Amino acid sequence: MSHEPNHDTETLTRTKTSIREPSMFKVLLLNDDFTPMDFVVDLLVRFFQKSADDATRIMLNVHHNGVGICGVFPREIAETKVMQVNQHARKNNHPLKCKMEKS
Ligand code: TYC
């Protein structure tokens with residue numbers, strides 16, 4: 001039996017694969033002093049499928065607390081929402097900002 005390093009190849013079989021749920025991301029809306037309230041409500045209805053009542057509640061929560069959650073999504077969906085919202089705000093010349101963070 002040799003004590004030289006063994007350079008033969010071998011196949012390792014992993015019987016247990018660890019599987020995790022995809023990470024989820026909060027999509028956050030930030031307050032500012034200029035974006036009209038009805039624009040924010042419309043945006044929440046349009047991009048987050050909120051009812052008018054829920055949209056109003058979220059908008060007022062952001063207005064009073066500086067930041068609020070629009071929803072929690074897998075990474076790619078959260079990225080798309082953030083892009084759509086920021087693009088929509090920019091196109092309409094409002095300073096409204098949307099961002100995401102790991103939840
Ligand atoms: N603070 C804004 C106003 O008084 C309304 C507003 C709410 C703006 C939520 C941005 O994410 C926002 N017109």
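Visitor: In this predicted model, what is the handedness of the crossing of α1 and α3?

Guide: The crossing of α1 and α3 is right-handed, and the two helices, of which α3 spans residues 75-91, pack at an angle of about 145° with their axes 11 Å apart.

Visitor: Which residues of α1 and α3 meet?

Guide: From α1 come F39, D42, L43, R46, F47 and F48, and from α3 come K81, Q84, V85, H88 and A89; by class, the residues of this contact divide into six nonpolar, two polar and three charged.

Visitor: Why are α1 and α2 called oblique to each other?

Guide: Helix α1 (residues 37-48) and helix α2 (residues 52-65) pack at an angle of about 130°. Angles of 65 to 115 degrees count as roughly perpendicular and those over 145 as roughly antiparallel, with the rest, apart from those under 35, being oblique, and α1 and α2 are therefore oblique to each other. Here α1 passes α2 in a right-handed crossing.

Visitor: What makes up the contact of α1 with α2?

Guide: M37, V40, V41, L44 and V45 in α1 meet residues of α2 including A55, I58, M59 and H63, and the residues of this contact divide into ten nonpolar, two polar and no charged.

Methods:
Residues are numbered from 1 along each chain as its sequence is written. This is a predicted model: local features need pLDDT of at least 70, side-chain atom pairs count only at pLDDT 80 or more; totals for chains, interfaces and linings use all residues. Side-chain values use heavy atoms; hydrogens and water are left out. Axes are lines fitted to C-alpha atoms, for helices over the stretch in contact, and angles run from 0 to 180 degrees between N-to-C directions. Helices (H or I, at least four residues) and strands (E, at least two) are DSSP runs, numbered from the N terminus. A crossing is left-handed if the near helix is turned anticlockwise from the far one by less than a right angle, and right-handed if clockwise. Contact means heavy atoms within 4.5 Å. Ala, Val, Leu, Ile, Met, Phe, Trp, Tyr, Cys and Pro count as nonpolar, Asp, Glu, Lys and Arg as charged, and the others, Gly among them, as polar.
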